[in-house]
Amino acid sequence: MKPRSPIGYPATESIEEAITLLRRTPAATLLCAFVGGVPFWLALLYFVADMSRDAFAAERLAGASLTLAVLYLWKKCWQSVYAASLHNSLAGVEPPRWTLRRVFRLVVTQAQTQFFGLFVRPIAYQTIIPSAWISAYYQNVTVLGDGRDGHTTPVSSQAWAQARLWPGQNHCVIAILGFFLFFVWVNIAITCGTMPALMKSLLGIETMASRNTGAFVLSSTFFTSVTALSMLLVEPIWTAVYAVRCFHGTSLQSGADVRAGLRAIRARATALALLLMIACGSVAPAALQMAPTPAPQVDPERLDRSIEQTLERREFAWRSPRIDVPEAKKEGWLDSWLKAVGKWFRRQWEAAWRKIEAIRKWLKKFFFPRDVPEIREAGSGGFHIPRLDAILYVAGGLVAVLLLWAVWRYWRGPRRQTVVAEAVTPLPDLSQDDVFADELPEDGWLQLARDLVSRGELRLALRAAYLAGLAYLGDQQLISIARHKSNMDYRRELRRRARTRAEMLAAFDENLTVFERAWYGDHGVTLPMFEEFTQNLERIRAC
């Protein structure tokens, strides 16, 4: 652990050290923070709910507030126990025993200081400027007032001295932890606010909160519950940060951080020496008792054959001199090429056969670790184990037959034909109002109109024919089809762009009048009316 400068060190380093300390803190130490915090925050939640809704809350105000104050003292005492365990872990010393006298000093110290914080802290938070020093002071009282012996100065004086030490770091710590607390609060609020709706949609549980979510979220009970959960989760980190800060602050005079670093180095050196002693003690006897290993015997013939095979490899061919063939013994290029191919196949076959032999020997060694006689005397009864060579040959033959049969089945089998899927455009529902002319081309609308006429649905067929006319005009760039335009917008746009085509304008006006009477009015559609409508479409297309 490196010593700290008197001018302080970054707040992020202090928070990081506190988080590292919490990660190696046992669960029993963390339990101290929750043993003190859970009763107080539950009592505060009950107090707020009771005082804000009960008609006879004034009668219980004195007793409830006194109970809340006692539980606040309970929380601060357990936080001081939690901070004392963290301080012992930082200093690397054995925790002192908890005696009845120490517990009494702890309660008295916290009671005579923390109760005033209930009045001083709100005033400091309103004035803003001294709030960081006031908050640090009461956090330091929680950390330093653990009832230990050996305090030459009062705890309040030590806490105020630590609050004035490193003010920049203190402000940064409060800002970072406050920012973290805000996001924890927001996450818990979102979770609690959406929980009733999730229970209703997933489990079918109906509650008052799911019936009126707005009133549930805006209630004082919801706000107090979220705040209590947030503070319960963040307070252990907050206390740990100020425990680290007070430890390094008091170490400027006591040198506790240097002693803790020396203890850690001494512990590592002792452990390393012990490991070396164990390693040396276990290796030396084994080395003395180890017998010399005899040199392995090598078969000379096998060694010569391996050397010849290695020298015949291509990467060593450049070392051998080129052999010139006499003119009398030279052969034709075809004969020499065929012989070279034959030699290559022979070498490949021999290499493959060597691998097969190696596999066979391994299988024989695996299945028959001892030498088992493979030939039995003639006339002897009993079960006979066949030779492993025969088993391997039969298995290899079966595998070859199966491979040939699979290839033959694949070759003679039917060829799969690839079916190309074509996208099918769904037909629009003409009975709905949100149908527009750009959903189908002109031919598609006309085909749909003919199908509707064949089924006797003349009103829908008339609308399909009208949309076919709009689609045609849109293709001709005479109108721009848009979902926000009305029929009169299309009429004005057509008159502006096709003002010289009087016959087209007249045919479109007639169709528009017939369509609006039939679709938006009570006029029925007859077959002659539909035929006249399609004739006007032909006139529009002819212009």
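Which side chain does Arg 539 meet in a salt bridge? The partner is Glu 510, with N and O 3.7 Å apart. The model is predicted, so local features need pLDDT of at least 70, side-chain atom pairs count only at pLDDT 80 or more, and totals for chains, interfaces and linings use all residues. Residues are numbered from 1 along each chain as its sequence is written, and side-chain values use heavy atoms, leaving out hydrogens and water.

**Salt bridges across the chain**

- Side chains of opposite charge can pair when their charged atoms come close.
- The structure holds 12 salt bridges, each being a side-chain nitrogen of Lys or Arg within 4 Å of a carboxyl oxygen of Asp or Glu.
- Back to the opening pair: Arg 539 and Glu 510 meet at 3.7 Å, N to O.
- Arg 539 belongs to helix 19 (residues 527-542) and Glu 510 to helix 18 (residues 502-519), so their pairing ties together parts 29 residues apart in sequence.
- Helices here are DSSP runs (H or I, at least four residues), numbered from the N terminus.
- Arg 539 is partly exposed because its relative accessible area is 27%, and Glu 510 counts as partly exposed at 36%.
- For those labels, buried means under 20% relative accessible area, exposed means over 50%, and partly exposed is in between (1.4 Å probe, protein chains only).
- Asp 146 and Arg 102 also meet in a salt bridge, at 3.7 Å from N to O.
- That pair links distant parts of the chain, 44 residues apart: Asp 146 sits in the loop between helix 5 (131-144) and helix 6 (155-164), and Arg 102 in helix 4 (residues 100-127).
- Both Asp 146 and Arg 102 are buried.

- Salt bridges link Lys 485, Glu 493 and Arg 497 in a network.
- Within it, the closest N and O atoms of Arg 497 and Glu 493 are 3.1 Å apart.
- Arg 497 and Glu 493 share helix 17 (residues 487-497), where they're 4 residues apart, about one turn of the helix.
- Arg 497 is partly exposed at 39% relative accessibility, while Glu 493 is buried at 5%.

**A nonpolar surface patch**

- Leu 31, Phe 34, Val 35, Val 38, Leu 42, Trp 74 and Leu 233 form a nonpolar patch with about 590 Å² of accessible area together.
- Such a patch takes residues with over 30% relative accessible area and no salt bridge, joining nonpolar side chains (Val, Leu, Ile, Met, Phe, Trp, Tyr) within 5 Å and like charges within 9 Å.
- Accessible areas come from the Shrake-Rupley method with a 1.4 Å probe, and for residues only the protein chains shown count as cover.
- Helix 2 (residues 27-53) gives the patch its largest share, 5 residues.
- Phe 34 is in helix 2, and its 31% relative accessibility makes it partly exposed.

Notes: Helices (H or I, at least four residues) and strands (E, at least two) are DSSP runs, numbered from the N terminus.
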